[in-house]
Amino acid sequence: MRSAGIVGLGSYVPEKVLTNFDLEKIVETSDEWITTRTGIKERRVAAAHETTTAMAIEAAKNALKDAGVSASEVDLIIVATVTPDYFFPSTACQVQHAIGAPNAAAFDLLVGCTGFVYGVIVACQFIQTGASNCALVIGSEALTRIVDWTDRKTCVLFGDGAGAAVVASVPEGRGLLAFDLGSDGSGGPLLKAEALQSCCEMPSSVGLNGRPTIYMNGNEVFKFAVRVMADSTLAALQKAGLTVDQVDLIVPHQANIRIIDAAARRLGVPMDKIFVNLDRYGNTSAASIPIAMDEAKRSGRMKEGDIVVATSFGAGLSWATFVMRM
Ligand code: UT7
């Protein structure tokens with residue numbers, strides 16, 4: 001089996017910034033509450049033209065440029081999103097057309113905030129077996145379009161953006177070293193946005209009225225997140241034959257600084273080994289880890305040869321971790 005790993009990263013975030021002070025004018029909240037309870041200071045909000053697909057395309061182009069790969073070399077495109085522009089066609093097929101990748105198979109992956117990590121692991125299986133030679137894995141979300149702006153428990157948390165990775169074969173000893181994937185559907189009701197469930201009767205007027213919005217039991221998701229991020233990281237590291245001390249950088253899902261802090265304490269890892277950018281973007285679901293990895297690389301926090309852990313949790317409930325030597 002060949003070795004497979006990330007060889008290029010790119011991201012795109014909308015221009016419009018929504019600060020905690022802006023939110024104070026929308027719901028009964030305060031910069032102080034949001035900052036101390038979540039660590040978030042501001043998030044990005046997509047404009048009308050910044051659709052999930054449009055952001056995915058920009059992130060993909062940036063990742064291809066970073067990898068030095070042309071779109072015609074891409075033979076697999078996976079887009080992780082919970083906020084597609086359409087039920088169908090898939091976002092991945094639209095990206096395939098827009099970037100000009102005639103040789104690519106394309107499909108979407110719905111694993112909530114865990115989708116990008118799942119996607120990288122799936123792409124690595126294709127590369128390792130020789131089924132693919134060059135894959136694009138993208139996480140893209142326009143979460144502010146499904147946020148309930150009257151619910152202060154959730155609307156302060158989420159933001160929009162996209163991140164992408166090029167996955168290809170790499171020299172032996174590099175790339176994916178191990179992974180841990182999991183799910184627990186019994187926790188599904190804790191974090192959800194309905195699609196057709198509530199629309200099974202004939203609508204009173206043509207078309208479906210209203211949009212789905214995010215519902216979350218924050219306290220339960222919080223406890224779950226701390227537990228699975230630590231346990232999944234340890235499980236993946238054990239499979240790789242590594243200890244936490246040998247890890248150069250952990251890139252966790254960017255949901256809440258208190259979740260990251262508590263998981264780090266469970267793991268016995270100092271915070272300076274953990275990449276955090278949620279203060280500027282909030283929780284961008286499947287886009288959070290690729291945006292963070294791209295920034296970590298561009299800022300010099302993540303270097304060639306580093307052992308990097310990416311760990312995530314989300315709707316499903318689901319979780320996933322990969323250990324990679326960059
Ligand atoms: O990607 C996966 C998605 N989800 C997550 O990762 C989220 C996981 N959960 C969390 O991050 C936290 O549970 C939250 C940030 C959502 C909430 O923090 P918390 O410390 O668990 O607060 P809480 O829900 O226990 O609420 C404490 C108080 C409540 O008031 P009372 O009942 O004590 O009077 C809330 O009504 O804070 C109130 N509150 C707010 N106050 C001001 C809740 N949201 C806000 C707000 N501004 N935005």
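1. **Basis.** The model is predicted, so local features need pLDDT of at least 70 and side-chain atom pairs count only at pLDDT 80 or more, while totals for chains, interfaces and linings use all residues. Residues are numbered from 1 along each chain as its sequence is written, and side-chain values use heavy atoms, with hydrogens and water left out.

2. **Helix α10.** Helices (H or I, at least four residues) and strands (E, at least two) are DSSP runs, numbered from the N terminus. Helix α10 covers residues 288–298, and nine of its 11 residues are buried, so the rest of the structure largely encloses it. Buried means under 20% relative accessible area, exposed over 50%, and partly exposed in between, with a 1.4 Å probe and protein chains only. The buried residues are Ser288, Ile289, Pro290, Ile291, Ala292, Met293, Asp294, Glu295 and Ala296. Just after α10, Gly300 has a positive phi of about 85 degrees.

3. **Helix α7.** This helix has 23 residues, 218–240. At 1.5 Å a residue it should span 33 Å, and its end C-alpha atoms are 32 Å apart, which agrees. The expected span is 1.5 Å times one less than the number of residues. Buried residues of α7 include Val221, Phe224, Ala225, Val228, Met229, Ser232, Ala236 and Leu237. An α-helix has 3.6 residues a turn, so residues three or four places apart point the same way. Ala230 also lies in α7 and counts as buried at 1% relative accessibility. Ala230 and Met326 are 96 residues apart in sequence and 21 Å apart in space, C-alpha to C-alpha.

4. **The cavity.** The structure holds one cavity of 30 Å³ or more. On a 1 Å grid over the protein atoms alone, a cavity is a set of points where a 1.4 Å probe fits but cannot get out; a pocket is an open set with protein on both sides within 12 Å along at least five of seven lines; lining residues have an atom within 4 Å of a point. Grid points are joined across faces, edges and corners, and a volume is the space filled by probe spheres set on the points. The largest cavity holds about 60 Å³ of space. Its lining is Met229, Thr233, Ile250, Pro252, Ile260, Ala263, Ala264, Leu267, Ile274 and Thr311. At least two lining residues come from each of α7, β11 (249–252) and α8 (257–267). Helix α8 gives the most, with four. The lining divides into eight nonpolar, two polar and no charged residues. Here Ala, Val, Leu, Ile, Met, Phe, Trp, Tyr, Cys and Pro count as nonpolar, Asp, Glu, Lys and Arg as charged, and the others, Gly among them, as polar.

5. **The second largest pocket.** Its volume is about 260 Å³. Of its 16 lining residues, Ile6, Val7, Lys297, Glu304 and Met326 are the closest to the centre. The elements that give two or more residues are β1 (3–12) and β13 (318–325). Strand β1 gives the most, with five. The lining splits into eight nonpolar, three polar and five charged residues. Domain 1 (4–173) and domain 2 (176–325) both contribute, so the pocket lies between them. The domain bounds come from an automatic or database domain assignment.

6. Lys297 pairs with Asp66 at 2.6 Å, N to O. Lys297 is in α10 and Asp66 in α3 (residues 52–67), so the pair ties together parts 231 residues apart in sequence. Lys297 is partly exposed at 34%, and Asp66 is partly exposed at 36%. Arg280 pairs with Glu295, with the closest N and O atoms 2.8 Å apart. Arg280 sits in α9 (residues 278–281) and Glu295 in α10, so this pair ties together parts 15 residues apart. Arg280 is partly exposed at 32%, whereas Glu295 is buried at 12%.

7. The side chains of Arg174 and Glu304 meet in a salt bridge (3.3 Å, N to O). Arg174 is in the loop between β7 (160–170) and β8 (175–183), and Glu304 is in the loop between α10 and β12 (307–314), 130 residues apart. Arg174 is partly exposed at 27%, and Glu304 is exposed at 70%.

Methods:
Salt bridge = Lys/Arg side-chain N within 4 Å of Asp/Glu carboxyl O.
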